[in-house]
Structure formats: structure tokens, C-alpha cells
Amino acid sequence: MLEKAREWIREARSVAVLTGAGISAESGVPTFRGPGGLWRQYRPEELATPEAFRRDPRLVWEWYDWRRQRIAQARPNAGHEALVRLERSKPRFWLITQNVDGLHERAGSRRVIKLHGDIWLVRCVACGREQRDERVPLPELPPRCACGGLLRPGVVWFGEALPPGAWEAAEQAVREAEVLLVVGTSAVVYPAAGLIPLAQACGARVIEVNPEETAMSARLDCSLRGPAGVILPALIPSEPNVQTG
Ligand code: OAD
């Protein structure tokens, strides 16, 4: 299986990657579902919806501030780094991520499409101004804009539309890709999960990297069971021109 997947990746000129929380698990960033997942401990409707923010912006911000602190302490892992090598070795490459932690960019990935926003962005609910704020912890909760309005995290909450352009870019990437590599996602949150059947319908080979079976595993060409930090370096050799296996 690993050999086959390695060959598909090596031979493809265009590659898209879809990542989820699992790729950052080995960096110490908790996932949402599964053992140790955030949604085991917290209710998404109390923390990750526009209604929750309207009801109690301070509570929502306390949770985001805590996550920002966890992420600030994290470092990209061997899985993130392998995807940087892959990007450098392919003329056509897109990294579509559901993650808001910014670890792909910190590892050196450039062609990143962020479907669910960025935890380091804050946006004013009154004037709409968006800015980067990497302070941890934030000095005041909830933070405020210069205009006096409330700032919210620059992430996508349940029930909200994806950032303008991101979905179109992701769909386009998947349509063009010969291989879609799906890493560390439970593939249950839409529309992101819909990129997998779309890729298949457009003729791409889909390779999954995940220690567990997922909602999509059964329909995929190749499911590699194991942590991203181990499987991705095995799948993507350190020297793009060195043929292994
Ligand atoms: P999930 O928490 O749903 O799924 C994480 C996946 O990572 C699971 O399938 C795990 O088996 C897998 N996993 C765990 N450790 C891993 C490792 N070391 N290497 C590879 N895989 C590993 O996270 P997402 O699929 O990203 O959205 O969740 C999708 C969306 O739901 C998130 O973007 C977030 C969440 O609610 C919003 O907040 C809008």
C-alpha cells in the first residue's frame, strides 16, 4: 500500500492535500473528535457558533485564548515538514486545510488554502476590520477594536459560510489534482469532506493518512493507517529526486 501510494505521488504532476486536526496532534494541538478530542470535553454549540458568541463573547474568547496559548507553544512536526517538501517538488500543488493553527505556514508551506480561517486573525463585528493579533494571552477579554466594537476570532463557526474565495480555490485545486492526499481528518464536516468525493469524481486517486478508520475510508483507493508524523515522511522522501523503494 505504502509503495503504491508513494509511486502515485511521485508520478503525479498535480497534487492536492486536505488536512485536518490530526496532522497537528503530534505537535500537541488537541483534535476535535476521538480520544482527547475537544468536542468530548466541550459542546461546540456553546463555543463555536455565532449564537454562542452573541450570548457570551467572554466565554467564547476564553476558550480561543486558551487554544491560542496551546498553539503558540506547539511546533510543526515531521508531517507538516514532509508536506513542505512535497510542495517544493511539484509544479502544481495546493494544501487545503481545515486547521486554524497556522502550523503549515510556520513549517514553510506557501500554497495554503484555509477553509476554516485563522485563529491568529481577529475581526471586528461592528466595522468588519480584520487584523493579525498574535499576543498570548490577550490582554483583555473580549478584545475590542479601535472603533469600540467587539472583536471575534477570524475562524469559521458552525453554520457560517467559508471565507470568500477559499471554497472556490479548494474545489478548483481538487478538480485539477491527479492525487488528493487526505491527512488527519475525520471527514465528517461539510463542505470540506465533500472535496473527497469531488476529487474521485474528477478522476483523482485519493490516499488517506490516519491512524483510525474514517467516514471516507471505505471508498478510498488507499488508506494508510498510522500517525501523520510517521507516514508522511515515509511517503515523501527527503530528497525529491531520490527514488526510493
Ligand atoms: P477531527 O478532530 O474531527 O478529526 C481528527 C482526525 O485526526 C481523526 O480522524 C483522527 O483519527 C485523526 N488523527 C489523530 N491523530 C492523528 C495523527 N497523529 N496523524 C494523523 N491523523 C490523526 O478534526 P477535523 O477533521 O479537522 O471545524 O475536524 C473538522 C472540523 O471540525 C474542524 O475544522 C473544526 C471541527 O469542529 C470548526 O470548528 C468549524
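1. Ground rules. In this predicted model, local features need pLDDT of at least 70 and side-chain atom pairs count only at pLDDT 80 or more, while totals for chains, interfaces and linings use all residues. Residues are numbered from 1 along each chain as its sequence is written, and side-chain values use heavy atoms, with hydrogens and water left out.

2. Helix 5. Helices here are DSSP runs of H or I with at least four residues, and strands are runs of E with at least two, both numbered from the N terminus. Helix 5 covers residues 57–73, which is 17 residues. From first C-alpha to last, helix 5 reaches 24 Å, close to the 24 Å expected at 1.5 Å a residue. The expected span is 1.5 Å times one less than the number of residues.

3. Buried means under 20% relative accessible area, exposed means over 50%, and partly exposed lies in between (1.4 Å probe, protein chains only). The buried residues of helix 5 are P57, V60, W61, W63, Y64, D65, R67, R68 and I71. Their cover includes helix 2 (38–41), helix 3 (44–47), helix 4 (50–55) and helix 7 (103–107). Strand 4 (117–124) and strand 6 (151–155) are also among the covering elements.

4. Cysteines. Zero disulfides turn up in a search of the whole structure. The criterion is a pair of cysteine sulfur atoms within 2.5 Å. C124 is in no disulfide, and its nearest cysteine sulfur, that of C147, is 3.6 Å away. C147 likewise is in no disulfide; for C147 the nearest cysteine sulfur is that of C124, at 3.6 Å. C124 is buried at 3% relative accessible area. C147 is partly exposed at 46%.

5. Ligand site. The ligand is surrounded by 22 residues, the closest being F32, R33, T185, S186 and N210. A residue is near a molecule if one of its heavy atoms lies within 4 Å of it. An oxygen atom of the ligand lies 2.8 Å from a backbone N or O atom of A21. A nitrogen atom of the ligand is 2.8 Å from a side-chain N or O atom of E26. R33 places a polar side-chain atom 2.6 Å from an oxygen atom of the ligand. Taken alone, the ligand exposes 790 Å², and the protein buries 91% of that. The areas come from the Shrake-Rupley method with a 1.4 Å probe; for residues, only the protein chains shown count as cover.

6. T19. This residue sits in strand 1 (residues 14–19). T19 is buried, at 0% relative accessible area. Its side chain makes a polar contact of 2.7 Å with that of T97, and another of 2.9 Å with that of H104. A polar contact is a pair of N or O atoms within 3.5 Å; within protein, one must be able to donate a hydrogen and the other to accept it, and residues adjacent in sequence count only if both atoms are side-chain atoms. Beyond its neighbours within four places in sequence, T19 is in contact with residues including L83, L95, I96 and V183. Contact means heavy atoms within 4.5 Å.

7. Backbone points to check. V136 and P137 are joined by a cis peptide bond, with omega about -15 degrees. P137 lies in the loop between strand 5 (130–132) and strand 6. Y190 and P191 are also joined by a cis peptide bond, with omega about 10 degrees. P191 lies in the loop between strand 7 (179–183) and helix 9 (195–201). A187 is found in the loop between strand 7 and helix 9. Phi of A187 is positive, near 55 degrees, in a residue other than glycine. A187 is buried, at 6% relative accessibility.
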